[in-house]
Amino acid sequence: MRKIRFFIALWAGKLLLFIWKRIGRERDDKPGMASMRLCEDFLEQVAKPKLTIAVTGTNGKTSISSMVADMLRRQGMTVSYNDWGANHHAGQARCILDTVSIFNRPIKDAAVIESDELISPINIPRIKPQYIIINNVARDSMLRNANPEYIADRLSKACEGSTDTVVIINADDPLCRFIGEKNRKVYFGAEDLRTNPFENVAKDFSVCPVCGAHAEYVYRNYRHIGKFRCTDCGLTTPWRDYFAENVSDDGKTFTVNEKSGSFTYPLVSPAVHNVYNVCAIIALMRDLGNSPEEIAKLLEETRITEFRETHHDVNGLEVICRVAKGQNATAASTVFEQVSKDPSTKEVVIMLDEMYSNPKKQETVAWIYDTDYEFLNRDNIKRIVIGGLREKDHLLRLLLAGVPREKIFCTSDVNRIADIVSGENVDKIYILHDVNAVSKGHSVRDSIKEKLMKKGEAVNAH
């Protein structure tokens, strides 16, 4: 009966997937949802490709997953991957549905499965991937992922349920220190990147997890990520098997030191968190047996998905559209810090309401007060435009951060953002939007570009 139920679920999911692809709804996890509802242990029974890679952690999952999938494909492998970030039960089932035939036999070489941290103890033991990448653990939405120590415990349980899985883990994250104790672990990390990180309002790591003494950093690259030590019990950052060093001045290359030597690789982005993202990918690809030269060649052609970041030049003014991940103090603060450290003069658009995709979906605004809006209080940020129904919450937080009121412009109607954006006397316009508002963010970007082009045409006409 269990087998019959599974095949009904498989066939129903495959049929829906076939139909969805034909009607242009391929980026939809409903086929996976159908399979999971018909067979609760579908993920356990369905056959897996020879290479199955899970990617989890608070931040960086989609960036790492998309780059890994892209690199495997360019090696000639057939790969299933949900490039729209569907990382819960239905999304994972949808991903694996695409890798098997109606007879439950693998028809693709690999699956790259993005996994939400909270559900990882349920699904990782069912999927039993060959590899799991854990990039970091940090505070996230209060209602979804709670305290970072709790999430670290969830990831520990996930690894305990799949002890044959190789865990590729960020050694510079002290919250990850005791994850995967029974697994083979591959550590990656980075030297002091001299980023001179700003102090954060909320600190995810302040006491030693072993003895409770005050934790110290030898250096910190961003947020709570860096080399740490406890002067009381001796707990410290573990040895990194893959150690990022020597980021070039232009941020385009870096070296990774490993037991075979030091090798130079391209960087897809100079942002500090992408140093860690790329180092994690190199650790995976090296463990799979790829040569440094082959990995470097693959990375040369790899780019961050446009889902996350786009750059456009309009009449000499750069318009940058970036995901800032609302409800997540760590992700939003990291993006705010990067924008702040850009020496260019700029105008910043903030669109961090969660209500764009579902007007009935609301969460606490307390995350705003964990987020470092102080980073936006800089002289080279000339104007800040807030769009969305939470405009007054963001306005209050910016005022508490010391941002002058005359710099802040608000509208509850995101469709009016382009009308309010000036673009005068700045080098760049940053549009920071929530992960659930990608299409809305791109729509605002296009409206701003159109306005700037018309303004340029008017100037040229005179």
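Let's start with the second largest pocket. It holds about 1000 Å³ of space. Keep in mind that this is a predicted model.

Now the lining by element. Six elements are on the list, and each one gives at least two residues: strand 7 (216–222), helix 8, strand 12 (309–314), strand 13 (317–323), helix 10 (329–341) and strand 17 (428–433). Helix 10 supplies the largest share, five residues. By class, the lining of this pocket splits into 13 nonpolar, twelve polar and 13 charged residues.

Helix 8 turns up again in the packing. Helix 8 spans residues 272–287, and helix 4 spans 61–74. Their axes come within 10 Å and cross at roughly 40°. The crossing of the two is right-handed.

Who makes that contact? From helix 4, it is Ser 63, Ile 64, Met 67, Val 68, Met 71 and Leu 72. From helix 8, it is Asn 277, Ala 280, Ile 281, Leu 284 and Met 285. What is the class count for helix 4 with helix 8? Nine nonpolar, two polar, no charged residues.

One more pair: helix 2, residues 30–38, and helix 5, residues 89–97. These two pack at an angle of about 100°, with axes 7 Å apart. The range for roughly perpendicular is 65 to 115 degrees, so helix 2 is roughly perpendicular to helix 5.

Helix 2 brings Pro 31, Gly 32, Met 33, Ser 35 and Met 36 to the contact. Helix 5 brings His 89, Ala 90, Ala 93, Arg 94 and Leu 97. By class, the contact of helix 2 with helix 5 has six nonpolar residues, three polar and one charged.

Terms used. Residues numbered from 1 in each chain as written. Predicted model: local features only at pLDDT ≥ 70, side-chain atom pairs only at ≥ 80, totals over all residues. Heavy atoms only, no water. Axes fitted to C-alpha atoms, helices over the stretch in contact; angles between N-to-C directions. Helix = DSSP H or I, 4+ residues; strand = E, 2+ residues; numbered from the N terminus. Left-handed = near helix turned anticlockwise from the far one by under 90°. Contact = heavy atoms within 4.5 Å. Nonpolar A, V, L, I, M, F, W, Y, C, P; charged D, E, K, R; others polar. 1 Å grid on protein atoms, 1.4 Å probe; cavity = no way out; pocket = protein on both sides within 12 Å on 5 of 7 lines; lining within 4 Å. Points joined across faces, edges and corners; volume = space filled by probe spheres on them. Parallel < 35°, antiparallel > 145°, perpendicular 65-115°, else oblique.
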